Structures are given as C-alpha cells and as structure tokens.
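Dear colleague,

Please read the notes with the model open beside them.

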Amino acid sequence: MASVKAQVTEYVRGHRGLARVALQCLPDWHVHVDVPHAGRMRIRLRRNRSYWLREPLTHEWYPLAILQSFVRPGDTVWDVGANIGLYSRILVNWLGAGRVIAFEPMSENLPELLYNLASGGIADRVTVCNVA
C-alpha cells in the first residue's frame, strides 16, 4: 500500500494543475499525526499538509542539530514563528528547555498552537505571544 501511495503522490506532484485541484478538493479538517521528538500533534489537513505528505522532520535535521548543540536543560528559548508548536514541543520534550517564549503573529495558527501545547503537557512551560 505504501508504494501505491508513493506512486500517486509522485504523479500528483509532477502535474501542477492536478496538484492544485487536488488541494482545493481537500477538506481542511483537523487530523492528528505523530512527529518524532514531539509526539502526537493536531494539524489542519490542507493548511499543514507538509506534516502528512512527507515525514514531518525531513527538512528540519539541520536546524534541529544546531538547536541540539546550543540548548541546554533548563534554558529559556524563543520560538519565533511558532506556527503550530512543533519546535516548542521539541525544545521542551526532547531538548529539555525550561521555558519557551513562542511568538506567533498569525491568528489562524493559534488554535492549533494552543491545542498542541496543552495536549503535549507543556502549556505551563510555554508563553505564547500573538505578535510579530
């Protein structure tokens, strides 16, 4: 089944018009995905499609390696552009940050951000600032 999914994905990616139509037909439902080092996160199916079209951390290895070398347990870290809380969850759960100040100016992302912080059990360690 995975190979069929990969074939369909590659075919749709190779045809921009088809990809655009497929995206417009996709409902923007809430779904949950499991993300390494972050746990189960709620995303919007259409808006956060990079979380399910590919492995969520595929393009994050370099920034995560840098963070891993700089963040020490107990540190206070700023997550600028927190989006739906991926880095906030990784900073607290995997890297042991004591406190995260999460800046997210887009009000459309706030429900997922707040939900993901609460469901990850770290809402008390993250301060969300709805500013740019």
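In what follows, two strands are taken to pair if DSSP finds at least two bridges between them, and the elements themselves are DSSP runs numbered from the N terminus, helices being H or I with at least four residues and strands E with at least two. This is a predicted model, in which local features need pLDDT of at least 70 and side-chain atom pairs count only at pLDDT 80 or more, whereas totals for chains, interfaces and linings use all residues. Residues are numbered from 1 along each chain as its sequence is written, and side-chain values use heavy atoms, with hydrogens and water left out.

Three strands form an open sheet in the order β3-β4-β5, with parallel pairing; β3 (76–80) and β5 (126–129) are the edge strands, each pairing on one side only. Strand β4 (residues 99–103) is joined to β5 by four bridges, and Ile-101 has Thr-127 in β5 as its bridge partner.

Helix α5 (residues 86–93) packs on this sheet and touches β3, β4 and β5 (contact means heavy atoms within 4.5 Å), while its direction makes about 175° with that of β4. Axes here are lines fitted to C-alpha atoms, for helices over the stretch in contact, and angles run from 0 to 180 degrees between N-to-C directions.

Helix α4 (residues 61–70) packs against α5 at an angle of about 35°, with the axes 11 Å apart. In this contact Pro-63, Leu-64 and Leu-67 of α4 meet Tyr-87, Ile-90 and Leu-91 of α5.
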